[in-house]
Each structure stands twice: as structure tokens, then as C-alpha cells.
Amino acid sequence: MLVIVLGIVITLATCIPVFNQMRQHPKGLHILFFAEMWERFSFYGMRGLLIFYLTQHFLFDDRTAQAQYGSYTALVYLLPLLGGFLADKYLGNRKAIAFGALLLVAGHLTMGLHGPQATQTMTVNGAEYNLAVEGRGGSRQVFVETGTQRCLFGGDVAYDGCRANVNDDGGITFTGLDAGSPLPAVIPNVMETLSEPVRNPLYTNILFLALALIVMGVGYLKANISSIVGQLYEENDPKRDAGFTLYYYGINLGAFWAAILCGYLGQTVGWWAGFGLAAVGMAIGWLVFTRQRLAFWSPGERQLPDHVGAPPNPERLAKKVAGPITFEWMLYLLAIPGVAVVWFLLQTPQYTFLTLMSGLILFGGYITFYMVTKCSWKESQQLILSLFLIFMSVVFWSLFEQAGSSLNQFAERNTQLPNDGFMTVTAAQTQSFNSGFILLFAPAFAALWAWLAARKADPNTALKFGLALVQVGLGFWVLVWGVQFADDSYRVPLVFLVGAYLLHTTGELCLSPVGLSMITKLSPAAVVSFMMAGWFLSSAFAQYVAGLIAQFTASDTVAGQVLDPGKALETYSAVFWSLGVVAIILGVLLGAVSFALKYLGHGKAGRLASKAALEAEAARGLAE
């Protein structure tokens, strides 16, 4: 409840001026604002729970779950390239958005069909002992069933008079075993006794089907709903950038409340409740968009002009291509084999990597050929700067995107989360910190850049990228600092995790709003769209790399519960320290050379508009 109350306070403090400003903008902005807010609510609601769902319900080990998570998020950022192309060439934005929303609803609902808990056993001296799991989140407990009693694994108190204590050497010692129990009092290496988890194959396939539907749905929706915002305004409308900023607020408002509500329900009521609420949110977003009014039952004029998001050639869509199947329905039906391909890639992350590498080779090969054969020396320098900063953005996002995987697990395993009625905070709810800080600080950063620009002191693009890297590195070091304040359960005070997310968010605000700006300014007109595709490809690559980095934080688990919390904290500390070192060194070096690098931009490496505005321009450019 504490997080919910704080969420209400933050929302009221920030939304009132936003809604007042929206009255001055086209009515269609309200529709897109709320539709995208609910789409982000559904996506981030599911995302905050996913790593726990994989490791605690299906009992995937940390490395496997983190690889699958990285593959999933990489594909989420890769598929909008295809969705943007299909929308601009054939479907139009509206039809693509509506279809993508339905796929998302189906995906989130399917996630709720989680089936039975996966099981695992211990085999000691030829005898099998079941590991029983009860609860979720902070109340989750694992028991070793001896046949006559249940021994609580790694708890603070005994259960049935019995408790399994973790030893420093990775073994466990049982205290309070019944007399004559066949289970030995000491097991030297518990990991060697564990069986492979037994999962219901039907529900395991349903899990990956659900994720594939979500990936495909985001592919059809994400780029197109951003693009359609720009069509509400004339090209030189002074309200255009402000409209995108308001739209971006809606994105973060949805993400903020998703982590709070879905994260709470998923870890306290049941997985089905968290995923189900995400599905409800997306269904509301679909209704808002398709009916084009905020009150679904109210009559009245539709809010989006007919030309906005319309198909480029409606007659072609209506043309029959196979019996009663029109060209439009053929495009929808193509999503079926697409979902099958994604379903396969999610389970084989190595093929996701090959897909990304193929894209990288094609992108790098073509842009190199273009620079050598088509560009002037000045244009080549600008493209070189653009490519270099794209690479640095991959570094930043690879570290920043630890939020959904390793930082999410750190919150649950090694952070002092309040768990006392009103004061309860679940690990998944900590995902709201980033979006909450954006709601609070984005206006302040916009004002700061304007204030500096008025005094000709606005940092150049490369320097802002350097500042972003330093801040994300400092965020990890805050967590390392917090380790010395860990309690006897090896849990760090929550304030250090809050501080880490604060620094990561301020870093994001230094890099994200100017990244796409840099692409549009530094790329020759003939390859702007292609460079935009490269930016999206780099984001997908960063997500995959983030999954690889998260695997370095993996811990040994017993039925989804960490075997040794002390060793886990030590591992997190070492990895976070290393990430901080890399980020800060690269950030300082980039800042030092930024004053030379800016000359490669020939006056075009400065500040630009909001992130949301540039996302829309990027989405439109991808398929041109």
C-alpha cells in the first residue's frame, strides 16, 4: 500500500499540469495518450514479473532465464522494424495498431494460463525427497519433505521443528530431524543432489507462445502508435514538440502504474492476477483506440481525423488474393508463421544472436559501402560520429536494462523490502522507480537544457552520452556501497536501490532524448531511414547483451530459491563494481574526447527535441 499511496501522490503532482496542457492540443492526442498509456501498462506489468515467473514458477536456472529474458526483450525491439514497414507500405498505422493490440491482449491472457508449479527433487543415498514450494514474492518458502516432516529451507525459523541451514561450503545441515529419519543430517554439496526441474510441457509451450504473441503484438503496435502522433500536427506547428512530450508522459505513467499494480498482484495474489491485469489494461487501450473516445459508452464524434493513420492504398487491401481472403487478411495471417518463428527463437537464444549479427553485418556493410561511394568527406565524418555514438548507446542500454533481470532479482534476494501490511513493497514494484523518477524529473531536465542553451552552455551530444555512462556506472557503485550496510540476512537497505535507479534515470534523461535527434541531424537524407533502422537494431542488440551481462550475476538455486544469499550478495557486488568501472571509465573518456568529436558533426551534434517526438519521426522513416 505504501507504494500505491506514493504513486497516487506522484501522479496527482505531475498529471494536473499535463492534462491542462492537453486541452490546447488536437483531441486525437487524448486518445493516443491513453491508448499508449494502457499498452505500456500491459507490457511493463508483464515485464516486471517475467524473470520471477521463469525462475520461481517454471524453475529455470538463473542463466537460462536471463538468456531467455534477453532474447525476449531483444525481439521486442527488433520486430517494430517489420511492423513499421508493413504499416507504412500496406496496412496503415491504425489497422496495424489495432491488430497489434489484439495480439497483446491474447499474449497477456495466455501468460495467465500458467499451469502447475514445476517440481524438483533431491536424491540422497538413492532416495528421492520432494522440494515443496509455497507462496510467491517475499512470502515464498521452500520445504524439504523427508516423509515424516517438512524442513524449511534457508528460513529464519524451523518448521515442524526442522530447518535446513546453508553451510559455507555449499552444503546444508538439517536441525530438528525426526529420530530415525533416513535423510542424513549433513549434505555436503546440495547442488549435486538436485534433479532437473519437471515442467508440464503443455504449459511450458504455452509460456513461449504467450511471449511470442506479445513480441509480435509490440512489433505491430510500438512504432506505429508513436508515428501516428506526429500526423495530428502540421509540420511546423509550434505545439508539435510539446504534444510529443505529453505523449511521452503517458508512456511513463502507464509503465509506472504497471509495476505498482501488476507487480503487487502477481507476487501476492497469483501470477494469473498480475498477467490478467496486464491483459485488462491492454484491452482498455484497444477499446480507447478503436472507439476513439475515453468513455466507451458515450456517443459522439470520433477523435482522430480520417486521414491520420489511414492505409496508403485501401483498394489494394480489399483485393482478393486467395478465395475469400483479402490482401489485408493475408497480412494478418502472416503473423501466424511469424509467431511460430519467434516462439522458436525465444527458446534458442543463440539463434536470436545470429539474427542480430546478420542484421548488424548487413547494416554495417551497407553503410560502409555508402560512405565510400556516395558521401562527401563531411558527410562521412558525420556518419562516423553517428555510428560511434550508436555504439556507445549500446553500452549504456546494456547496463541500464539490467533493471528487468539482475536488478529485479537483486531487489528480491538481497534488498530489505518492507513486508508488513501497509509498508509492503514487492520486488516487482521496484520497477516503478525508474518511470516514477522520469515523471518527476523530465520537466526539470528539459528546463535545464533550455536554460543552458540560452547561455550557450548546453553540453554537446557526445558529452551528454558520456555523462549518461558515468551516471549509470555510479548507480551500480551506489549498490556496492550499500553492501557494507547489509543486515544478517545479507540484505541491503532499500534506499541504496532507490539511489541506483535515480542515477540510472538521470543518465537516461541525458542520453535518450538526444539519441534519435543525433541520427536525424547527422545522417544524409538518402539514408536517414536506414540509420533509424540501425538505431532500433542497436537497441535490440543492447537488450541481448544485457541478458548476457545478467548471467554473470547468476546464483545457485534450490527450487527457485537462492542457496547461499551471502554468496549471491558477494557476486552482485563484484559484478556491479565491474559494471561501474567500465561505465565510468568509458564515460570519462567519452567526455574528454567529446570536444574533439563534436567537430565531426560540423555543428550538428547539439540538442534536439523530446524522445517521443524523435521516436515518431524514426517510426515513420523506417518504412519510407
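**Note on a predicted protein chain**

1. Tyr-490 counts as partly exposed, at 41% relative accessibility. In these terms, buried means under 20% relative accessible area, exposed means over 50%, and partly exposed is in between (1.4 Å probe, protein chains only). Tyr-490 sits in the loop between α16 (461–482) and β11 (492–493). Its phi is positive, about 65°, although Tyr-490 is not a glycine. Most residues other than glycine have a negative phi.

2. On the model itself: it is predicted, so local features need pLDDT of at least 70 and side-chain atom pairs count only at pLDDT 80 or more, while totals for chains, interfaces and linings use all residues. Residues are numbered from 1 along each chain as its sequence is written, and side-chain values use heavy atoms, with hydrogens and water left out.

3. Now the overall build. The protein chain holds 20 helices and 13 strands. Both are DSSP runs numbered from the N terminus: helices are H or I with at least four residues, strands are E with at least two. The radius of gyration is 25 Å, close to the 25 Å that the globule rule gives for 624 residues, so the chain is as compact as a globular protein of that length. That radius is taken over C-alpha atoms, and the rule is 2.2 Å times the number of residues to the power 0.38. Along the principal axes, the C-alpha atoms fill a box of roughly 85 × 65 × 50 Å.

4. Next, packing and surface. Of the 624 residues, 57% count as buried. Among contacts with a separation of 6 or more, 77% come from residues 24 or more positions apart. Contact here means heavy atoms within 4.5 Å. The accessible surface comes to about 24900 Å², and 65% of it belongs to carbon and sulfur atoms. Such areas come from the Shrake-Rupley method with a 1.4 Å probe; for residues, only the protein chains shown count as cover.

5. Charge is a brief matter. There are 36 positive and 37 negative side chains, and the centres of the two sets lie 14 Å apart. Lys and Arg count as positive, Asp and Glu as negative; His and the chain ends are not counted. Each charge is placed at NZ of Lys, CZ of Arg, CG of Asp or CD of Glu.

6. Two strands pair if DSSP finds at least two bridges between them. Strands of a sheet pair through backbone hydrogen bonds, either parallel or antiparallel.

7. β4 and β5 pair in the parallel sense over 2 bridges, with Phe-153 partnering Ala-164 of β5. Strand β5 (residues 163–166) and β6 run antiparallel, joined by 4 bridges. The hairpin of β5 and β6 has 5 residues between the strands, and Gly-170 takes a positive phi near 90° there. β6 also joins strand β7 (residues 186–187), antiparallel, by 2 bridges.

8. Strand β6 (residues 172–175) has two faces. Ile-172 and Phe-174 make up the covered one, Thr-173 and Thr-175 the uncovered one. Thr-173 is the β6 bridge partner of Asn-165. Thr-173 is also bridged to Val-186 in β7.

9. Asp-160 counts as partly exposed, at 48% relative accessibility.

10. Leu-50, in helix α2 (residues 28–57), counts as buried at 1% relative accessibility. Setting aside residues up to four places away in sequence, Leu-50 touches Tyr-69, Tyr-72, Met-111 and Leu-211. Ser-386 belongs to helix α13 (residues 377–400). It is buried, with a relative accessible area of 0%. With the sequence neighbours up to four places away left out, Ser-386 touches Met-518, Ile-519, Leu-522 and Met-531.

11. Beyond neighbours within four places in sequence, Gln-429 is in contact with Val-3, Ala-259, Ile-260, Gly-263, Tyr-264 and Thr-424.
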